[in-house]
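Subject: Structure handover

Hello,

I am passing a structure on to you. Please open it and keep it beside this email as you read.

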There are 2 protein chains.
Amino acid sequence: MSDQKSPVDFYFDFSSPYGYFASLHIEKLAAQYGRTVNWRAILLGPVFKTMNIAPIANVPLKGDYARHDMERSARFHNILFRHPDVMPIATQHAARAVLWVQQNDAARAVNLIHAIYSAYFTENIDISKLETVIRIAGDNGIDAGKLSTALNDDTVKEALKTEVAASIERGVFGSPFVIVDGESFWGFDRFDQLEAFLKSGKI
Amino acid sequence: MSDQKSPVDFYFDFSSPYGYFASLHIEKLAAQYGRTVNWRAILLGPVFKTMNIAPIANVPLKGDYARHDMERSARFHNILFRHPDVMPIATQHAARAVLWVQQNDAARAVNLIHAIYSAYFTENIDISKLETVIRIAGDNGIDAGKLSTALNDDTVKEALKTEVAASIERGVFGSPFVIVDGESFWGFDRFDQLEAFLKSGKI
């Protein structure tokens, strides 16, 4: 047995602004306490179906507040943010692309995650489109042709389905959602408690 | 015109643990920035109906996490907390009692709020019962006979209905919910942003 600490499982949906905010902090936070990050792109659609709830933007009253809260939270945390014109969007192409790249090059996959999030939440680029995901991947040194073939193959589709089902099985129901040493934290606004846990090993 | 700053509107439901947590911090926070607190007991039932959502404890996946999060958040913030056996509960008697006491003695009403919250969230006392609310009020120096008469009268029932309708009109959809100078903050986990706003007048 080594002293190696287990990695932090970081679940996120590319349609989630708080997932985006958290994606900018999780690596530094984990590294500060000797951890690496397992980036786990998921889809919240199936989870919301299980929970019988609607995406926050579509809930009366809450939707208006949510938009204001996103913009204010971004300012509060000094995060570059532009509310996309369309939200939520379908994110299966983006999630599958990440999953495929992760099989070959974990570091490049992390760059791709940041690039996709940044495109959607700072440049208002519609990342729901397959060709957009492939273009962003290409810009980040990923073989666009190979990725395109992979995204049209059932293997990666099944792999994402399996990953999403496994996340629901673990109790993941939102984005961002962090699991470390069996402890679950939902939301960027639980990063203070996550940090306390990483620091002392209990909370 | 005086330099008097407008009070902080603090909306809460007695069934809300995060409302309880926030109730222990809001006075000190407001006072620190020269504000007083308008305590506004509401009922989330009608709001949830408008939003077409279920109380958090009843949502699949989220419910289990919610209980864990309440207990962990209480520890994190050094707040005495015991998860009540029954949650959520009906809180109209408690809210009406507060509304009635506020008409006569605002300071005593604040004491009553703390006493009811404490009974429910630290002593597992079922505050949904009319006689329990009256007993707690009596223990806090409120005339139990007069309160009992008032709670059986339609006046206070109508007053609470009006208050709840007005809160929905203002966009209140959760507990705790703070409005100050037109800026809204939902959740105890937005108290960091609330503080930043109180401090600098913008956010």
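Below are notes on a strand, the chain interface, some salt bridges and one histidine.

First, the ground rules. This is a predicted model, in which local features need pLDDT of at least 70 and side-chain atom pairs count only at pLDDT 80 or more, while totals for chains, interfaces and linings use all residues. Residues are numbered from 1 along each chain as its sequence is written, chains are lettered from A and ligands numbered from 1 in the order in which they are written, and side-chain values use heavy atoms, with hydrogens and water left out.

Strand β1 of chain A

Start with β1(A), residues 8-12. Helices (H or I, at least four residues) and strands (E, at least two) are DSSP runs, numbered from the N terminus. In β1(A), 5 of the 5 residues are buried, so the strand is largely enclosed by the rest of the structure. Buried means under 20% relative accessible area, exposed over 50%, and partly exposed in between (1.4 Å probe, protein chains only). In a regular strand the side chains alternate between the two faces of the sheet. Here A:Val8, A:Phe10 and A:Phe12 lie on one side, with A:Asp9 and A:Tyr11 on the other. Both faces are covered.

β1(A) pairs with two strands, and pairing takes at least two DSSP bridges. It runs parallel to β2(A), residues 37-41, with 5 bridges. It runs antiparallel to β3(A), residues 177-180, with 3 bridges. A:Tyr11 has A:Arg40 as its bridge partner in β2(A), and stands opposite A:Phe177 in β3(A).

Salt bridges within chain A

A salt bridge is a side-chain nitrogen of Lys or Arg within 4 Å of a carboxyl oxygen of Asp or Glu. One joins A:Arg170 to A:Asp9, with the closest N and O atoms 2.9 Å apart. A:Arg170 lies in the loop between α9 and β3 of chain A and A:Asp9 in β1, so the pair ties together parts that are 161 residues apart in sequence. A:Asp9 is buried at 9%; A:Arg170 is partly exposed at 39%.

Another joins A:Arg35 to A:Asp181, also with a closest N and O distance of 2.9 Å. These two are 146 residues apart. A:Arg35 is buried at 9%, whereas A:Asp181 is partly exposed at 48%.

The interface of chains A and B

How many residues of chain A are in contact with chain B? There are 32, and they meet 32 residues of chain B. Contact means heavy atoms within 4.5 Å. The side of chain A that touches chain B divides into 17 nonpolar, 7 polar and 8 charged residues. Here Ala, Val, Leu, Ile, Met, Phe, Trp, Tyr, Cys and Pro count as nonpolar, Asp, Glu, Lys and Arg as charged, and the others, Gly among them, as polar.

The rule finds 6 salt bridges across this interface. One of them links A:Glu183 and B:Arg72, with the closest N and O atoms 2.8 Å apart. α4(A) gives the most to the side of chain A that touches chain B, with 8 residues.

A histidine in chain B

B:His93 sits in helix α5 of chain B, residues 92-104. It is buried, at 18%. B:His93 touches B:Lys129 and B:Leu151, among others. B:Lys129 in turn forms a salt bridge with B:Asp126 (3.6 Å, N to O).

Best wishes

Terms used
Lists of a residue's contacts leave out its neighbours within four places in sequence.
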